[in-house]
Amino acid sequence: MSDTLKQLTEAVIAGNATLAGKITEQALAEGIAPTKVLTDGLIAGMSVVGVRFKAEEIFVPEVLIAARAMKTGVEILRPRLAGEAVPMAGTIVLGTVQGDLHDIGKNLVAMMMEGVGFKVIDLGVNVAPERFVEAINEHEPDLVGMSALLTTTMPMMKETLEAFKAAGVRGRVKVVVGGAPVNENFARQIGADGYAPDAGSAADLAKALVVTG
Amino acid sequence: MDKMRPVERIKLAVEHKQPDRVPVFPVCVAHAAKNYGITYRDYCTSAENLARAAIHCSRTYGLDGVFVQACGWQEAEAMGVELYYPEDNAPSGKAPIVKTREELKKLRVPDPLKDGRMPMVVKANELVVKEVGHELYVKSQIDQAPFALACELVGFEQAFLLMYDDPSFLHELLEICTETQIRYGKAIASTGVHNVFMGEAIASQISPAQYKEFSLPYNRRVIDAMHELGVTVTLHTCGNSSYILELMADTGADIIEFDSMVDIAEAKRRVGDRVCLQGNVDTGLVLQGTPDEVEAAAKDCIEKAASGGGFILACGCEPAPNTPQANLHALVAAAKKYGRYPITQ
Ligand code: B12
């Protein structure tokens with residue numbers, strides 16, 4: 001891999017947004033293809049961050065600044081990418097379920113999803129089932145992601161899924177769930193399509209689900 | 001059968017001595033309201049209700065202490081953050097109020113006898129101390145530790161970014177938060193409570209180096225001020241605070257309360273000689289498990305942390321509102337059954 005892309009990866013890992021922006025421009029000036037800058041530079045950096053976060057080597061603040069650095073690069077690439085017709089990975093509607101106000105984890109998931117090329121519609125926290133349904137109708141996403149951090153709001157995931165069925169939209173989206181107390185088993189029980197324990201795997205899962213369609 | 005007064009039992013544990021048995025004191029908030037049969041909103045907006053519900057909860061289970069905590073947002077509220085109050089859930093902030101230096105300049109240390117619900121909490125403590133202070137250990141919130149309070153004022157993610165982007169902004173804000181805690185703590189200490197409680201759930205999400213810079217020195221100042229008034233301090237974190245146990249002990253806190261993600265045997269080994277440990281049965285288990293499972297988990301905590309004293313049995317965090325009574329009874333029973341001193345490891 002070129003030195004420039006390696007430096008870009010390092011800048012993202014270090015969370016240095018200014019540097020990441022500069023190197024992104026430099027890479028383009030060197031004639032490296034925008035998609036390559038995105039995948040082998042920016043996303044590669046964010047993947048390392050995901051792995052280190054999962055291994056508990058770094059903490060939430062480091063993930064936030066890395067995500068910001070990646071975003072800075074993505075913004076510079078965006079106009080160039082449009083021309084190259086990189087397919088968007090897909091669209092995902094994300095939110096923390098009703099009654100629950102925890103959003104740090106959900107926001108990290110949003111950043112990682114953006115990192116791997118999803119368009120993210122973030123509905124925020126305390127999202128009522130009807131709002132999820134509205135968003136499905138309005139944005140026609142491929143995926144819906146629900147987050148819950150409280151044992152007491154986990155049942156709301158099930159209720160939200162039932163609201164999808166009642167509204168006749170369940171078949172139109174894949175549904176993924178997550179949050180500290182949620183697990184694979186619970187996801188299966190309530191009839192979700194997938195579960196991921198952390199933001200990095202959430203992005204992988206989302207990609208896999210979109211591909212299998 | 002228990003001969004010692006509960007307040008003495010906890011005091012001895014805090015002094016690293018061995019009481020007659022392991023004290024048991026899960027800190028109930030939403031569950032206290034539910035158990036008393038009132039909504040959270042009614043619980044957290046009236047001194048009378050708060051005091052009654054807290055005492056009722058301790059009496060229901062035979063806890064060794066009473067915990068007085070309205071909610072985790074009331075210092076922020078007294079400083080100007082608008083809250084929304086769900087009918088039967090803890091209130092929370094609508095939006096951060098410190099986004100710019102101008103807003104920071106305008107921020108004032110609230111007056112605990114005038115602003116927000118601070119006077120209500122002071123009043124509730126007066127009621128509790130008067131009624132049960134001779135018998136039960138009274139612990140009151142001064143709650144959000146400076147860094148946690150700063151997060152509420154600027155927004156959690158913003159606070160994290162400020163650590164990198166503008167640390168001096170954050171430090172200035174932390175000065176005000178520290179002063180807020182000290183003043184509030186003084187007002188609460190004057191009611192005669194035995195212990196004040198500082199919570200910093202968010203501390204489990206930052207690195208040890210960040211904790212050292214943005215939390216520890218400020219916590220230490222609040223704690224020193226409380227010690228000058230003769231009041232002991234509990235420092236509480238939710239989540240996995242394994243990384244920062246020593247640093248939490250370095251704050252000078254008398255009690256460290258930590259969550260079930262922390263290995264209690266390891267906590268005992270690392271800081272058990274410096275601070276009294278309070279914890280750490282999983283709140284999820286206490287909500288969803290059987291009484292037998294709770295008893296087994298409590299027994300495990302006692303076996304790992306009680307030897308030599310300096311231990312209070314509790315949940316890792318506040319139990320969920322609809323926690324079955326039988327499970328909290330089982331927790332208390334375990335302290336009586338397995339917690340008789342002397343205990344050897
Ligand atoms: C920070 C925190 C808070 C902050 C929240 C700030 C914010 N803006 O989010 C504050 C202080 C406000 C708070 C409030 C409360 N909290 Co709180 N909080 C925590 C804490 C310490 C960390 C949560 C966190 O941010 N983790 C870091 C992120 C990065 O991890 P994460 O959220 O798990 O997300 C990752 C994965 O789960 C996954 N993921 C997350 N969402 C999704 C979604 C999808 C689709 C996918 C695929 C993956 C995925 O990817 C993420 C990134 O890797 C936890 C303890 C813990 N360890 O979980 C308690 C905890 C969640 N809180 C708890 C409680 C009880 C509360 C309160 C009720 C009161 C209280 N006692 O503090 C209130 C509730 C308010 C409400 N109605 O929601 C309990 C829940 C117990 C339970 N099982 O029910 C916990 C577990 C603490 C405990 N042990 O008791 N809390």
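**Figure 1. A loop residue of chain A, A:Asn126, in the predicted model.** A:Asn126 sits in the loop that runs between β2 (118-122) and α6 of chain A. The model shown here and in every other view is predicted. The phi of A:Asn126 is near 55°. That is a positive value, and the residue is not glycine. Most residues other than glycine have a negative phi.

**Figure 2. Helices α6 and α7 of chain A.** Helix α6 of chain A covers residues 129-139, and helix α7 of chain A covers residues 154-166. How far apart are their axes, and at what angle do the helices pack? The axes are 9 Å apart, and the angle is about 45°. That angle makes α6(A) oblique to α7(A). The crossing of α6(A) past α7(A) is right-handed. On the α6(A) side, the residues that meet α7(A) are A:Pro129, A:Phe132, A:Val133 and A:Ile136. Facing them from α7(A) are A:Met156, A:Thr160, A:Ala163 and A:Phe164. Seven of the residues in this contact are nonpolar and one is polar. No charged residue takes part.

**Figure 3. Helices α1 and α2 of chain A.** Helix α1 of chain A spans residues 3-14, and helix α2 of chain A spans residues 17-29. The two pack at an angle of about 160°. Their axes are 9 Å apart. Are they roughly parallel or roughly antiparallel? An angle over 145 degrees counts as roughly antiparallel, and α1(A) and α2(A) are therefore roughly antiparallel to each other. Their crossing is left-handed. From α1(A), the contact draws on A:Thr4, A:Leu5, A:Gln7, A:Leu8 and A:Ala11. From α2(A), it draws on A:Leu19, A:Ala20, A:Ile23, A:Thr24, A:Gln26 and A:Ala27. The contact of α1(A) with α2(A) has seven nonpolar residues, four polar ones and no charged ones.

**Figure 4. The cobalt atom of the ligand and A:His102.** Which protein residue is a donor to the cobalt atom? A:His102 is the only protein donor, through its NE2 atom, at 2.3 Å. A:His102 belongs to a loop of chain A. That loop lies between β1 (90-96) and α5 (104-115).

**Figure 5. Helices α7 and α10 of chain B.** Now the view turns to the other lettered chain. Helix α7 of chain B takes in residues 118-132, and helix α10 of chain B takes in residues 167-189. Their axes come within 9 Å and cross at roughly 35°. The crossing of α7(B) past α10(B) is right-handed. B:Met118, B:Val121, B:Val122 and B:Asn125 represent α7(B) in the contact. They meet B:Thr180, B:Tyr184, B:Ala187 and B:Ile188 of α10(B). Six of the contact residues are nonpolar and two are polar. None is charged.

**Figure 6. Two cis peptide bonds in chain B.** Most peptide bonds are trans. The bond from B:Gly279 to B:Asn280 is cis, with omega near -25°. B:Asn280 is part of strand β8 of chain B, residues 276-281. The bond from B:Tyr341 to B:Pro342 is also cis, with omega near 0°. B:Pro342 is in the segment that follows α17 (325-338) of chain B.

**Figure 7. Confidence in the prediction.** How does chain B score? Its pLDDT averages 97. In chain B, 99% of the residues score at least 70. For the complex, the predictor gives an ipTM of 0.91 and a pTM of 0.94. Where pLDDT is low, the predicted coordinates should not be read in detail.

Methods: Residues numbered from 1 in each chain as written. Chains lettered and ligands numbered in written order. Predicted model: local features only at pLDDT ≥ 70, side-chain atom pairs only at ≥ 80, totals over all residues. Heavy atoms only, no water. Axes fitted to C-alpha atoms, helices over the stretch in contact; angles between N-to-C directions. Helix = DSSP H or I, 4+ residues; strand = E, 2+ residues; numbered from the N terminus. Parallel < 35°, antiparallel > 145°, perpendicular 65-115°, else oblique. Left-handed = near helix turned anticlockwise from the far one by under 90°. Contact = heavy atoms within 4.5 Å. Nonpolar A, V, L, I, M, F, W, Y, C, P; charged D, E, K, R; others polar. Donors = N, O, S within 2.8 Å, 3.2 Å for Na, K, Ca; no water. pLDDT = per-residue confidence, 0-100.
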